Amino acid sequence: MIEKPIVYATPGGEALSADAYLPDSKQPAPVIIAIHGGSWKRGVRSSYKYLGPFFAARGFALLTLDYRLATDVKNLYPAAVDDVRAAVRYVREHAAELNVDPGRIVLLGDSAGGHLAALVGLTERPQVKVVVGVVGVYDLAAQWQHDLPVRPSDNIAQGFLGVPLPDNRQLYFEASPVSHATTANAAGGPSFMLAWSLFDDIVDHATQSEVFLRALKQAGFYTRSLVQQTNHFWIGDPLDEAGSHSAYFAVRLLRFLEDRFSR
């Protein structure tokens, strides 16, 4: 395995970094662009430090990204979305240097990163072949409603978009991946794998993952799902821990990707 840091974009002069885990192979590898969670305002790319080596050892490159966090007004939506789009462009433009296959790009994200992966995957087709969402937010209006009674001072969708839902419902609609799960986008669109947790008190699986999965199927996307009996926070767990939910996910994701790219 080859591990190296890269700078993939410099929006407004701010350097955005990624850690690249690259297989030591002569053949161009499929590439996973991994996007961390954290309510769009926190989190670090090192949350994929265990999955990176796992996939590199099995012939997949993985780039785990920093992106602009919505901690001030200039970094609100769509800054983070634009950063993920920039990462896709970087991979395509530097495919030979990274020894990756620009025709086999996967977007993987958890929580807020799942939102970014799904939104970019649906709006950057056919560049993205597979989207993997883990405990993701796919309907920002539903997330706003979910947070309103339980954490009114920390509504994560409102913090990302900059306005409450009643002030701009159209913005919430446009920024939600579920709004782009249409029959037109399914033609040439990515395959999807969605994973969620039954005891998640941050993102409600019934109004997010399950609704999104149903919308994707209705539109004609190829989809698979994975359900874990745990809480919201597990994607960054060590793979060698007893009962690791991350390890359970990793082997099933590997099988899914191998199947999709063998067709």
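A close look at one loop

Tutor: S39 counts as buried because its relative accessible area is 12%, where buried means under 20%, exposed means over 50% and partly exposed lies in between, with a 1.4 Å probe and protein chains only. The model is a predicted one, in which local features need pLDDT of at least 70 and side-chain atom pairs count only at pLDDT 80 or more, while totals for chains, interfaces and linings use all residues. Residues are numbered from 1 along each chain as its sequence is written, and side-chain values use heavy atoms, with hydrogens and water left out.

S39 sits in the loop between β3 (29-35) and α1 (51-56); helices (H or I, at least four residues) and strands (E, at least two) are DSSP runs, numbered from the N terminus. The backbone at S39 has a phi near 60 degrees, which is positive although the residue is not a glycine. W40 lies in the loop between β3 and α1, and W40 too has a positive phi, about 65 degrees, without being a glycine. With a relative accessible area of 1%, W40 is therefore classed as buried.

The peptide bonds bring us to two other loops. The bond from Y77 to P78 is cis, with omega near 15 degrees, and P78 is found in the loop between β4 (61-65) and α2 (79-93). R125 and P126 are likewise joined by a cis peptide bond, with omega about 5 degrees, and P126 belongs to the loop between α4 (112-123) and β6 (130-134).

Apart from neighbours within four places in sequence, V100 is in contact (heavy atoms within 4.5 Å) with P28, A29, V31, A61, V91 and A95. From V100 to H36, 64 residues apart along the chain, the separation between C-alpha atoms is 21 Å.
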